[in-house]
Amino acid sequence: MSAASTETSAPLPTAGSRVFFQGAPAVGCVGTGPITGDDPVQRRQGKVTVKYDRKELRKRLVLEEWIIEQLSELYDCEEEEMPEVEIDIDELLDVTSDDERATKLQVSLIDCYKPTGDFVRDLLARIRGMRKLSAPTKKGL
């Protein structure tokens, strides 16, 4: 018997409902016996990203990985040791001019002792043409 056949089935979600994922019984769960819908502790809420454009999500992920790599070089440390630096891509995309975006980035990097001009310039070039992800687009469901 495969692990897939031991999973419980649930009715299809209706529009506006939440989606929950359940693991196979007795796999990584505390207690014995099957998972019931009445136990909120063992139920995990999943995020559905189907509404977002997969291409935009991929671009965003690649950009975020690049930012982390660049910040590691600027601060001469690993990601875990890096000081708290907040760079919100959606917030930058809300700003209309590159000068304002550059100013916001420079403020975020105020504690960096290395020159940040190249990083700011490269980041602004990379976000040009990107769209915000905070408002998902609806494709036919």
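Colleague: How many residues does helix 1 have, and how far does it reach from its first C-alpha to its last?

Modeller: Keep in mind that this is a predicted model. Helix 1 has 22 residues and reaches 31 Å from first C-alpha to last, close to the 32 Å expected at 1.5 Å a residue.

Colleague: What follows helix 1?

Modeller: Asp76 does, and its phi is positive, near 50 degrees.

Colleague: Which residues of helix 1 are buried?

Modeller: Glu56, Arg60, Leu63, Trp66, Ile67, Gln70, Leu71, Ser72, Leu74 and Tyr75.

Colleague: And what do the buried residues of helix 1 pack against?

Modeller: They pack against helix 2, helix 3 (98-108) and helix 4.

Colleague: Switching to rings. How many aromatic pairs does a search of the whole structure find?

Modeller: One aromatic pair turns up. The partners are Trp66 and Phe119, with ring centres 5.6 Å apart.

Colleague: Why does that pair count as stacked?

Modeller: The planes of Trp66 and Phe119 are at 15 degrees, so the pair is stacked; the cut-off for stacking is under 30 degrees.

Colleague: Where do Trp66 and Phe119 lie?

Modeller: Trp66 is in helix 1 (residues 54-75) and Phe119 is in helix 4 (residues 117-127), so the pair ties together parts that are 53 residues apart in sequence.

Colleague: Is Phe119 buried or exposed? And what about Trp66, buried or exposed?

Modeller: Phe119 has a relative accessible area of 4%, which makes it buried. Trp66 counts as buried too, at 11% relative accessibility.

Colleague: What sits over the ring of Trp66?

Modeller: The charged end of Arg126 does, 4.1 Å from the ring centre.

Colleague: OK, charges then. How many salt bridges does a search of the whole structure find?

Modeller: Nine salt bridges. One of them joins Arg60 and Asp90, whose closest N and O atoms are 3.1 Å apart. That pair links distant parts of the chain, with Arg60 in helix 1 and Asp90 in helix 2 (residues 89-94), 30 residues apart.

Colleague: Are Arg60 and Asp90 buried or exposed?

Modeller: Both Arg60 and Asp90 are buried.

Colleague: What does Asp94 form a salt bridge with?

Modeller: Asp94 pairs with Lys132, and the closest N and O atoms are 3.0 Å apart. This is another link between distant parts of the chain: Asp94 is in helix 2, while Lys132 is in the segment after helix 4, 38 residues apart. Asp94 is partly exposed, with a relative accessible area of 48%, and Lys132 is partly exposed with 36%.

Colleague: What about Asp118, which residue does it form a salt bridge with?

Modeller: Arg121, with the closest N and O atoms 2.4 Å apart. Both Asp118 and Arg121 are exposed.

Colleague: Why are Asp118 and Arg121 separated by about one helical turn?

Modeller: Because they are three residues apart in helix 4. An α-helix has 3.6 residues a turn, so residues three or four places apart point the same way.

Colleague: Last one. Which residues are linked in a network of salt bridges?

Modeller: Glu56, Lys59 and Arg131 are. Glu56 lies in helix 1 and counts as buried, at 8% relative accessibility.

Colleague: What does Glu56 touch, not counting residues up to four places away in sequence?

Modeller: Glu56 touches Met130, Arg131 and Leu133.

Terms used. Residues are numbered from 1 along each chain as its sequence is written. This is a predicted model: local features need pLDDT of at least 70, side-chain atom pairs count only at pLDDT 80 or more; totals for chains, interfaces and linings use all residues. Side-chain values use heavy atoms; hydrogens and water are left out. Rings of Phe, Tyr and Trp (its six-membered ring) pair if their centres lie within 6.5 Å; planes under 30 degrees apart count as stacked, over 60 as edge-to-face and the rest as tilted. Helices (H or I, at least four residues) and strands (E, at least two) are DSSP runs, numbered from the N terminus. Buried means under 20% relative accessible area, exposed over 50%, partly exposed in between (1.4 Å probe, protein chains only). A charge sits over a ring if NZ of Lys or CZ of Arg is within 6 Å of the ring centre and within 35 degrees of the ring normal. A salt bridge is a side-chain nitrogen of Lys or Arg within 4 Å of a carboxyl oxygen of Asp or Glu. Contact means heavy atoms within 4.5 Å. The expected span of a helix is 1.5 Å times one less than its number of residues.
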